[in-house]
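Biologist: I am new to this structure. Could you walk me through it?

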Amino acid sequence: NQIVEFADVEELPRESAQYRVYHANEIVSLLQSPLISEGKTFGYISYVDTARRDWTEEEKHPLIMLSRLIGNYLAREKAYQRIRQKIELMKSFDEVTGLLKFDKFKEVAQAVLEQGNKNVQYGLVSVDFSHFKYFNEIYGFRSGDEVLKDFAESVAKHNPRAVAACRDYADNFLVMVMVQSPAAFRHNIETYNQAFVANQNQKFADSKLELCCGAYVITDPENGIVSAIDNANLAHKELKEKKETGVLFFEPGMKMSRIRDIALQHMVEEAIAAGEFKMYLQPKVSMETGKLVGAEALARWIKEDGTMIMPGEFIPALEKSGKIAELDFFMYETMLKQMRSWMNKDYP
């Protein structure tokens, strides 16, 4: 950590590495000050001359000051670089599992598709755990994080066919894998699922964890990774809505069904506002007395042109979207108004 000066490098041993470097660069005299950060030397700054000279105090002082300034500047730059690298890691990797974050996953997976390897086909799996919220409530969030880490190890680090994986959010994962065939793809998913579930149920007695997987074989890489993710997620959502576990593969009809459901949801909202929904009453009669004792209120959708859309078409779509409550409350209001009318007329 001291300043080094040579009036003439010929003073150095001829076999030393320093002498060979200086001699090769025609350096005769040298004044050198260390760059120091946190008490450690990480470099040097030098004044050199091609002729012999004795260095004065006036020449040494500015060199020392300059080396301190440059040392502090470079030390700060190194610290900033470490911070930038840490920020980049935080942006790219999930803190709990170490897997890629969603945006980085899309970037990596898209790059794989764009490589255009015709000998390799890829598949995408969208997966989560059934009732994971209840697992966290029973076993605690620390145990929940342990399950997430174990799953990441299973699907990404111990799976030779995995290309990229991410934790999208909560307990939802996306995994891109190499696919031999759809049948082999299904078999691999089921094998990993069974092994993972068995392992977790040993660690957490009576946890009854199960996996819900939507799968998609990427048949046309030019459609891009976003389309593949949408398809895998659609199959995953379809399986969740059926309240089932296991694996469900994407089929084109799912997309058309989803589009139809969304269109129906909007149509129902407009139909309620336009008064197209009518209440039909199905009588309830006592088997003992034969008298009318009540009725079941049924929703019927009758369009302006008189055509009727049957409940089997619109009820499932509303239940999937969670908007069935809007129709429920419309029916409550209609029924209560009718009952009020009967009471005003002194009907029983």
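This is a predicted model: local features need pLDDT of at least 70, side-chain atom pairs count only at pLDDT 80 or more; totals for chains, interfaces and linings use all residues.

Biologist: Is Met339 buried, partly exposed or exposed?

Modeller: The relative accessibility of Met339 is 37%. Buried means under 20%, and exposed means over 50%. Met339 therefore counts as partly exposed.

Biologist: How many disulfides does the structure hold?

Modeller: A disulfide is a covalent bond between the sulfur atoms of two cysteines. Here a pair of cysteine sulfur atoms must be within 2.5 Å to count. The number of disulfides in the structure is zero.

Biologist: Now the sheets. What is the order of the three strands in the antiparallel open sheet?

Modeller: Strands of a sheet pair through backbone hydrogen bonds, either parallel or antiparallel. The three strands of this open sheet pair in the antiparallel sense, in the order E1-E2-E3. Its edge strands, E1 (4-6) and E3 (40-49), each pair on one side only. Neighbouring strands are turned against each other, direction ignored, by an average of 15 degrees.

Biologist: Which residue in E3 is the bridge partner of Gln32?

Modeller: Strand E2 covers residues 29-37 and runs antiparallel to E3. Nine bridges join E2 and E3. In E3, Gln32 has as its bridge partner Ser46.

Biologist: How far apart in space are the C-alpha atoms of Thr50 and Ile27?

Modeller: Thr50 sits in the loop between E3 and helix H2 (57-92). Thr50 counts as exposed, at 58% relative accessibility. Along the sequence, Thr50 and Ile27 are 23 residues apart. From C-alpha to C-alpha, their separation in space is 4.9 Å.

Biologist: Which strands are the edges of the open sheet of five strands?

Modeller: This open sheet has mixed pairing and the order E5-E6-E4-E7-E8. An edge strand pairs on one side only, and that holds for E5 (162-169) and E8 (246-249). From one strand to the next, the twist averages 20 degrees. The edges are E5 and E8.

Biologist: What is the bridge partner of Ala215 in E8?

Modeller: Strand E7 spans residues 211-217. E7 pairs with E8 over four bridges, in the parallel sense. Within E8, the bridge partner of Ala215 is Phe249.

Biologist: What distance separates the C-alpha atoms of Ser321 and Ile262?

Modeller: Ser321 lies in helix H9, residues 311-321. Its relative accessible area is 30%, so Ser321 is partly exposed. Ser321 and Ile262 are 59 residues apart along the chain. Their C-alpha atoms are separated by 8.2 Å.

Key. Residues are numbered from 1 along each chain as its sequence is written. Side-chain values use heavy atoms; hydrogens and water are left out. Buried means under 20% relative accessible area, exposed over 50%, partly exposed in between (1.4 Å probe, protein chains only). Two strands pair if DSSP finds at least two bridges between them. Helices (H or I, at least four residues) and strands (E, at least two) are DSSP runs, numbered from the N terminus. Axes are lines fitted to C-alpha atoms, for helices over the stretch in contact, and angles run from 0 to 180 degrees between N-to-C directions.
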